[in-house]
Amino acid sequence: MTDLYDMNHITRQKVKEFAAENNYPPPSSTLIPIFVSLVTRHKLSIIMGQIDETIDRLLVLNARLDEAVEESNLVAVVLIKDRLNEEKAKLRVYERLLEKESPMPKKETNGITDEMIERAKDSPMEELLEQYGYQVKLHRTHCPAHGGKNPTSFSIKDNRGVCHCGWRGDTIALLMELEKCSFVEAVKRLQ
Ligand SMILES: [Zn+2]
């Protein structure tokens, strides 16, 4: 609620300043909250629109990537992956903006800290796989995500796993996959 109050307070000031700068009569105390809510909604709808457009581009790029992989067009694969990363970076920026502007309560972190997340990421992926009965040979094993029969489809490098089925991730993502649990749950279990 404090965040919402701050945001409205700041926006109220801006509405008053705007009126003064443009020689409009000062808005009345009943009108200001309405302006504020309109401004906030307008900002949120712009951000949501940008997110929608970015997601559309990501979907198109993913489809193109599949085609390029099928055609074994390596140059296209590299170029499309670059574009995908650019769009993903944009999406993260919009998500942060949305979080900043949104009157919704901040995400519940359930008491996990950044240090706990780092520790969970650093816990050895190969040991975790072995605990779940996977036989890891030369940093390769069956893929826990798509469950194929190939014992070398899932490869581990720098404590991150990757499979041709498209799965890629760190130890936290792997445990989430193995246990079908939440991010917070996985971080807690990996301490
Ligand atoms: Zn796989």
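Helix α2 passes helix α3 in a left-handed crossing, a crossing being left-handed if the near helix is turned anticlockwise from the far one by less than a right angle, and right-handed if clockwise. The residues of this contact divide into 16 nonpolar, 2 polar and 8 charged; Ala, Val, Leu, Ile, Met, Phe, Trp, Tyr, Cys and Pro count as nonpolar, Asp, Glu, Lys and Arg as charged, and the others, Gly among them, as polar. The model is a predicted one, in which local features need pLDDT of at least 70 and side-chain atom pairs count only at pLDDT 80 or more, while totals for chains, interfaces and linings use all residues. Residues are numbered from 1 along each chain as its sequence is written.

Two packed helices are described by the angle between their axes and the distance between the axes. Here α2 covers residues 31–70 and α3 covers residues 74–101; their axes come within 9 Å and cross at roughly 160°. Helix α2 is therefore roughly antiparallel to α3. Angles under 35 degrees count as roughly parallel, over 145 as roughly antiparallel, 65 to 115 as roughly perpendicular and the rest as oblique. The axes are lines fitted to C-alpha atoms, for helices over the stretch in contact, with angles from 0 to 180 degrees between N-to-C directions. Helices (H or I, at least four residues) and strands (E, at least two) are DSSP runs, numbered from the N terminus.

The chain is divided into domain 1 (2–101) and domain 2 (114–189), with bounds from an automatic or database domain assignment. The C-alpha centres of the two domains lie 33 Å apart.

An open sheet is formed by 4 strands in the order β1-β2-β3-β4, with antiparallel pairing. Its edge strands, β1 (140–141) and β4 (168–169), each pair on one side only. Two strands are taken to pair if DSSP finds at least two bridges between them. Strand β1 is joined by 2 bridges to β2 (residues 154–157), and the two run antiparallel.

Strands β2 and β3 run antiparallel and are joined by 4 bridges. Phe 154 has Cys 163 as its bridge partner in β3. The hairpin of β2 and β3 has 2 residues between the strands, and Asp 158 takes a positive phi near 50° there. Asn 159 is found in the loop between β2 and β3 and has phi near 60°, a positive value in a residue other than glycine. Asn 159 is partly exposed because 14 other C-beta atoms lie within 10 Å; a residue is buried if 20 or more other C-beta atoms lie within 10 Å of its own, exposed if 12 or fewer, and partly exposed in between, with C-beta atoms placed from the backbone.

Strand β3 (residues 160–163) has a covered face, comprising Gly 161 and Cys 163, and an uncovered one, comprising Arg 160 and Val 162. Antiparallel pairing of β3 with β4 extends over 2 bridges. The bridge partner of Gly 161 in β4 is Gly 169. In the hairpin of β3 and β4, which has 4 residues between the strands, Gly 166 takes a positive phi near 105°.

With 8 C-beta neighbours inside 10 Å, Leu 138 counts as exposed. The C-alpha atoms of Cys 143 and Phe 183 are separated by 20 Å, the two residues being 40 residues apart along the chain. Ile 117 and Gln 191 are 74 residues apart along the chain, and their C-alpha atoms are separated by 8.9 Å.
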